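Colleague: I have a model open and would like to learn how to read it. Could you take me through it?

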Amino acid sequence: MKNWMKGTLLASGLALGFAGAASASELTIVSWGGAYTKSQVKAYHEPYTAMTGTKIKSEDYSGGLAEVKAQVEAGNVSWDLVDVELSDAIRGCDEGILETIDHSILPAAPDGTPASEDFIEGTLHECAVGLIVWSTVYAYDTTKFSGDQPSTIGDFFDTAKFPGKRGLRKGPKPNLEFALIADGVAAADVYDVLATPEGVDRAFAKLDTIKDSAIWWEAGAQPPQMLADGEVVMSTAYNGRIFNAVATENKPFEIVWDGQVWDLDLWVIPKGAPNKDEAMKFAAFSSDTQRLADQASWISYGPVRKSSTALIGKHAEAGIDMAPHMPTAPENFGNALQNDFEFWADHQDELNERFNAWLAQ
Amino acid sequence: MSSLPPYASPLEIVWHYAFRVFCGAVLVFLIMPILVMIPLSFNAEPYFTYNSDMVALKPEAYSTRWYVDIFKNGMADPHQDFGFSFIADSWNNAQWIHSMKNSFIIGIFATIISTFLGTLAALGLTRAHMPYRKLITAILISPMIVPIIISAAGMFFFYSDIGLSQTFPGIILAHAALGTPFVVITVTATLSGFDNNLVRASASLGATPQRTFFKVIVPLIAPGVISGGLFAFITSFDEVVAVIFLTEFEQRTIPRQMWSGLREQISPTILAVATILVAISVLLLITLEVLRRRSERLRGMSPG
Amino acid sequence: MSDAVAGKDGDFSIADGQNLKQRLRKATSRARWQAVFMVAPLGVFVLLTFILPIAQMLFRSVDDPVVSDALPQTVVALESWTDRSELPEEAVYAALAADLKFLRAGGADGEGKSLIGRLATRLNFDTSGVRSTITKTARKVKKIEAPFKEAFIKADKKWGQPDIWASIDRLGGAVNSTQFLAALDLRQDVNGDIVSQPEVRQIYVTLWLRTLWISLLVTVICVALAYPVSYLLATLPLRISNLLIICVLLPFWTSLLVRTTSWIVVLGQNGVLLEALHLIGLVGEGADRPQLIYNMTGTIVAMTHILLPFMVLPLYSVMKGISPSYMRAARSLGANPTLAFVRVYLPQTVPGLGAGCILVFILAIGYYITPALVGGQDGQLISNFIAYHMQRSLNWGLAAALGTMLLAGVMALYWLYDKIVGINNMKLG
């Protein structure tokens, strides 16, 4: 029955003349959109197309494994390479929806150091190749506050001292971490506290204090836009997005690094990707020393190769020195927390559900 | 109450004007948001508010840059001078142009399918001897009633199973299914006023059934078929949920592009696109009105 | 008819001997088949491209084979687990070890590892926090030896609590109703009794009520706005009303997304409305401004705007057919305006009112796009959560259960619509 139907429907499709045949030298690469995708297009895609002639289709998504899993389980994969967070890379690998990546295809550093030693520890995984270190911070519009300016994560939750709407990512991660740090938990203890029911209650209770002032965002491009439109006075955001709004559009935004939660972005290949081999080649090409350093000249995210760090220069358009704007710069890294992928892989469903229930109440 | 009778009491006079003010306010509520948006699409600044220069109608406060952006956004080389290669680049690479092409391709093919199948079905449904008419009509109209999220979710699984999701045929079939109820309804409505004596007269004058169909039936139901087709087209042209579930970048349509734009950043370009869509709606509205008048005239001519 | 003769049973037949009744029956049957053949292509088309996909999707609400596929021996062994206050016996642990070892080795089709992933996901939706229990245990299962009970509890202490076992037992049936319970904030506890979800996880009852409430509210607002306007349009001279009805038809024909966009422009913090009110000094700057969009207010305003034409148009077409002389007669017979309206005019508009209300309510209850764009946190409806479970949490069974319930409600209203208005009388534009 199914085959018969498939035949008929496909035939009618062919008759219409739109059967989309994917040609061999094409890649669909999915990333987070906006300034971040632009940095990848400039540093990875364009040189790769120039070198190999492979046409690259760039798609945007807003994170999570959902689409990848939907494609793999429904048996119709159209994405070749996806830029994901670490917890999703681990979880996807566990669930068998990602291809394993042979690390021997990754090029060595210019001085001959093999890739396995050149990548910072923890940035190469069975199914994933690391690209950058990024971080979630909060930023505010400097024109909105006369006198004292927000300077700690606690100020984000202080609506009495700094009135106005706040933008937050629509999801528990990393709002719960922010809430606990703002509530006085040391960065190092956040996940231990969050693993207990009381800790979760405490985090939600802290979020309750700003719930009425919260506007929720889903895509990384939204926070700078919401700040620019005056929809919010401060917002959590990916640091690179805010940097770009300041560097290239001269927006009056200021990043507060206190309590930043940093994470990795990695390439993964969905199981059964239509152009798997080409995707592997691209993953190797784009994560070489020069490409990662080039990307850092478009957006303030730190490369995961040790050999790239020395090559970071100025912003390609604004001419700003990039090094001090990286999440890992010493002056920014004081009270930083690494996103705990194991914690999130375990508690994602429960906390998502609870977050949704909390939001709907 | 259209005009106030001379014997109206003061209370009635107050009520009369209050009523009109209320109705006026409702009509303003309906039309205002659409009208307010149009001048803002010509804003020279990337904001969504009227600044003092715009209110003062200064020409420098207005610009067509967002309309130009529709053609430029996504081009390989947006800075080149206008010329043949600019047009070719825009036609092949600009994102909005890409979506616009897709919207028309999908809309037109879906409309052809749903108009053909819907008209045929309506002709059958209005036959006197159609069995289970009510039940079958209810089933055929269901795509209009079932919440779109349920339809789209169902189609997502099924079309993935048979390899049609993320293809043009898949989304065309989906939109055709969503558009057929409109054709069935409008053509049935036209046929319900149809005088069957005309067919009998034609037959008694010696016309073959085919000739009767093309010379008598078709001209009479044509306005209904065309307005049904327009409904089907606008349904596809405006549809976004099935597109979200069933397509990828390659088949992205205008509403899909607007959807991502609205969820990420509302650029004034979206307002420019929206203004163009309003213009298209106005054209459709005029076409439908002309068709309705034509249909009424034809009906008026037929006896009974 | 001259050559027709009466047969002995009283039927008429013609000269060639055929029974007239039979011929009529034949002709009728031919006409019937002709009609059926004309409707059939669309019928088959709608069935294949629309009804079948939905039916298949709805089946997912009860079709839940992951646990029984992944742990066949465990599920069978668990049948003997009757005393729910105790842990299952050693044989059950042994069966679990055998199942997991088999899956780690590749399972029946070489996809055993990904089946473990799906098993972990499925169980985690039911009992939160057991994902890692499954994946961790599966990774170590090679080293797990008898006595299995102790070995499992050592591998992860959750194996020493009845919850995870009750969860496996509940989902062990390839067809089960857990998703429908979940869609009503209910669950089965360890003993199999149906109880409420913990308060912090309750969401769907609120959502169902909110969806009904917003749909009802929007319907009522639409009536309140549409009734006077339709009356005015129906009673004004045609020349003027044709002009005014453009205000109704233009929004009706304008893209949903365009109209939602325009409300974002109008109602935003720096939007047209608040800026205008600021100019005349009614609202202040920044934090003092009321939030008009990205909340329930935004959803209600935009939905009312989008659905209002669906109320105006049927009311208008009914009111146009009501002769003004009825009202004049009522007045001249001494009724005051209110009484004349309530007793004479209103009853005549009930068909249009019913049609408009049900149509608006049906459309409102399944609304997705507008709440998603302008609904913020408290303006989301049930459709938005179906989409959420379809696209983000990937709990497709729950999405299907929510969808089935929504569809059942809409079908009931559709039936009501048919009773009151008749589907054949549905008109557009």
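Modeller: We will go through confidence, then a chain interface, then a helix pair. Keep in mind that this is a predicted model.

Colleague: What is the average pLDDT of chain A?

Modeller: Where pLDDT is low, the predicted coordinates should not be read in detail. Chain A averages 87, and 93% of its residues score at least 70.

Colleague: Where in chain A is confidence lowest, and where highest?

Modeller: Helix H1 (residues 2–16) of chain A is lowest, with a mean of 46. Helix H7 (residues 175–182) of chain A is highest, at 96. Residues 1–7 of chain A stay under 50, with 5 contacts beyond four places in sequence. Residues 9–24 of chain A are also below 50; that stretch has 21 contacts beyond near neighbours in sequence.

Colleague: How many residues of chain C are in contact with chain A?

Modeller: 31 residues of chain C contact 28 of chain A. On the chain C side, H5 (112–126), H6 (131–140) and H10 (204–235) each give two or more residues. H5(C) has the largest share, 7 residues. By type, the chain C side has 7 nonpolar, 19 polar and 5 charged residues.

Colleague: How are two packed helices described?

Modeller: By the angle between their axes and the distance between the axes. Take H6 (residues 133–145) of chain B and H1 (residues 20–59) of chain C: their axes come within 10 Å and cross at roughly 50 degrees. H6(B) and H1(C) are therefore oblique to each other. Their crossing is left-handed.

Colleague: Which residues meet there?

Modeller: From H6(B), B:Ile136, B:Ile139, B:Leu140 and B:Pro143. From H1(C), C:Val39, C:Leu42, C:Gly43, C:Val46 and C:Phe50. This contact has 8 nonpolar residues, 1 polar and no charged.

Notes:
Residues numbered from 1 in each chain as written. Chains lettered and ligands numbered in written order. Predicted model: local features only at pLDDT ≥ 70, side-chain atom pairs only at ≥ 80, totals over all residues. pLDDT = per-residue confidence, 0-100. Helix = DSSP H or I, 4+ residues; strand = E, 2+ residues; numbered from the N terminus. Contact = placed C-beta atoms within 7 Å. Nonpolar A, V, L, I, M, F, W, Y, C, P; charged D, E, K, R; others polar. Axes fitted to C-alpha atoms, helices over the stretch in contact; angles between N-to-C directions. Parallel < 35°, antiparallel > 145°, perpendicular 65-115°, else oblique. Left-handed = near helix turned anticlockwise from the far one by under 90°.
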